[in-house]
Amino acid sequence: MKVLFDHHLPFALAHGGFQQQLLQTKAALEQAGVETDYVRWWDDAQRGDLIHFAGRPAADYISFAHGRGCKVIVAELLTATGSRSRGELALQKMALRVFRKILPGAFAARMAWDSYRLADACVANTDWEAHLMHYLFGAPKERVHVVPNGVEEIFLNSASAARGQWLVCTATITERKRVLELAEAAVRARTPLWIIGRAYADTDPYAQEFFALAKQQPQMLRYEGAVPDRARLARIYREARGFVLLSAMETRSLSAEEAAACECPLLLSDLPWARSTFGGHAGYCPVAGPERTSGFLRKFYDAAPSLMPPPRPASWLEVGRQFKAVYERALERK
């Protein structure tokens with residue numbers, strides 16, 4: 001079996017957890033005995049048994065692949081869609097039905113709504129997003145699979161340590177992650193917060209506002225950029241009082257699962273991805289302004305030392321084996 005990976009956005013243009021997820025998945029598959037490569041768009045001689053498309057390919061993409069005898073797996077993160085309310089999702093489903101009837105075929109093809117139905121398998125990160133693939137886009141239930149993120153062994157096997165005073169948040173400095181709002185809430189609640197991550201661009205106005213606040217509040221806010229040393233990051237999680245991520249939308253946070261592997265108490269946005277992943281093993285905060293958030297943050301800070309740790313996440317090797325099983329089922333299907 002040879003699997004080719006493809007994606008529409010080059011990593012050089014945008015960093016983040018998605019890049020880590022894809023690289024770790026590819027490495028885990030190789031460890032599980034699967035030959036892998038990246039799609040080389042310029043190489044008309046390249047061959048593979050299956051394409052793992054990280055995103056939503058056009059329907060024509062899938063048709064051309066099938067014409068070459070190559071299966072296609074759609075592995076899209078429904079980040080925005082999966083964070084909508086049930087009422088908003090019902091409206092979206094109605095709108096999709098109307099659009100399919102009234103819009104020109106070329107426009108509908110560009111939106112790639114039929115890709116879920118045409119793909120040989122669809123992979124979701126959570127049960128909730130698996131449901132949405134069927135509910136909104138018509139993916140056949142028998143072709144939809146849930147495969148979680150994995151966690152590196154350096155986090156899973158990290159040594160226990162005494163917890164300190166700092167809450168930690170590992171996230172890209174961008175509006176979707178609501179890092180500035182979290183920092184403002186921490187200042188209000190007087191809860192020391194260490195932000196780890198970097199902006200897509202330091203000139204971004206949102207990032208600059210966060211940088212300015214961190215400089216103004218060094219007693220409450222700690223910011224040193226990203227921590228590329230994975231062993232050091234594991235120690236930070238082990239020594240943190242708790243982990244906080246209050247994104248406006250999310251799919252399945254790698255950093256939250258890394259913190260969970262280090263037995264760090266969690267406070268997350270009250271969104272379906274978090275409830276689906278951690279259930280009753282995390283604290284939840286509504287997506288709200290800094291004033292309201294500060295109360296939840298203070299309560300979590302005070303309770304964190306007595307909270308039970310989250311369950312142990314899967315390793316990347318376990319995830320690689322799950323993907324291998326999905327591929328094998330897809331290849332067997334006529």
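View A. C169 is buried, at a relative accessible area of 1% (buried is under 20%, exposed over 50%, partly exposed in between; 1.4 Å probe, protein chains only). The closest cysteine sulfur to that of C169 belongs to C264 and lies 11 Å away, too far for a bond. C264 is in no disulfide either, the nearest cysteine sulfur being that of C262, at 7.7 Å. C264 is also buried, with 0% relative accessibility. With a disulfide taken as a pair of cysteine sulfur atoms within 2.5 Å, the count is 0.

The model is predicted: local features need pLDDT of at least 70 and side-chain atom pairs pLDDT 80 or more, while totals for chains, interfaces and linings use all residues. Residues are numbered from 1 along each chain as its sequence is written, and side-chain values use heavy atoms, without hydrogens and water.

View B. Helix α2 spans residues 59-67, with A59, I62 and A65 buried (helices are DSSP runs of H or I, at least four residues; strands of E, at least two; numbered from the N terminus). These three residues lie on the same side of α2 because they cover an arc of only 125 degrees around the axis, taken from the directions from the helix axis to the C-beta atoms. D60, F64 and G67, on the other side, are exposed. The buried residues pack against β3 (50-53), β4 (71-74) and α5 (115-118), contact meaning heavy atoms within 4.5 Å. G69 follows α2 and has a positive phi, near 75 degrees.

**View C. Exposed I102 in helix α3.** I102 is found in α3 (residues 86-102). The relative accessible area of I102 is 59%, which makes the residue exposed.
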